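This report describes the sheet and some backbone features of one model. The sequence and structure come first.

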Amino acid sequence: MSETETKHQIHLLPHDLVFIASEQETILEAALNAGVAFPNRCQVGACAMCMCQKVSGEISYQLEPMLTEKEQAQGWVFTCQAVAQSDVVLQLD
Ligand code: FES
């Protein structure tokens, strides 16, 4: 792993929280490290507690989650598996 971590800003709606995520951690890990009480349980992409909707930005997955095409089209993201590839805006319900 390189020393230079690329970092992105994650903007979490509707609470209007902002935290920084590097490309070496999942968005969920970054949120928890930043003290954001992000819903989660399994952290392995199985329980769907951490799901939220992407408003904008690019993410990639460590492990491709089980999402239907409709869910993907609606922007649902498993944050415990997702790594930010750009600044991202997420909507948490
Ligand atoms: S924490 Fe269980 S799916 Fe993400």
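Is Ala 48 buried, partly exposed or exposed? In this predicted model, Ala 48 is partly exposed, with a relative accessible area of 34%. Ala 48 sits in the loop between helix H1 (27–33) and S3, and its phi is positive, near 70°, in a residue other than glycine.

Asp 16 also has a positive phi, about 65°, although it is not a glycine. Its place is in the loop between S1 and S2. Asp 16 is exposed, because its relative accessible area of 51% passes the cut-off of over 50%. Most residues other than glycine have a negative phi, and most peptide bonds are trans.

| Residue | Phi | Relative accessible area |
|---|---|---|
| Asp 16 | about 65° | 51% |
| Ala 48 | near 70° | 34% |

The loop that holds Asp 16 also contains Pro 14, between strand S1 (7–13) and S2. The peptide bond from Leu 13 to Pro 14 is cis, with omega near 0°.

The sheet itself is open and consists of five strands in the order S2-S1-S7-S3-S5, with mixed pairing. Strand S2 (17–22) and strand S5 (76–78) are at the edges; each has a single partner strand, so one side of each has no neighbour in the sheet. From one strand to the next, the twist averages 40°.

Strands of a sheet pair through backbone hydrogen bonds, either parallel or antiparallel. Strand S3 (residues 51–56) and S5 run antiparallel and are joined by three bridges. Gln 53 stands opposite Trp 76 of S5.

Technical notes
Residues are numbered from 1 along each chain as its sequence is written. This is a predicted model: local features need pLDDT of at least 70, side-chain atom pairs count only at pLDDT 80 or more; totals for chains, interfaces and linings use all residues. Side-chain values use heavy atoms; hydrogens and water are left out. Two strands pair if DSSP finds at least two bridges between them. Helices (H or I, at least four residues) and strands (E, at least two) are DSSP runs, numbered from the N terminus. Axes are lines fitted to C-alpha atoms, for helices over the stretch in contact, and angles run from 0 to 180 degrees between N-to-C directions. Buried means under 20% relative accessible area, exposed over 50%, partly exposed in between (1.4 Å probe, protein chains only).
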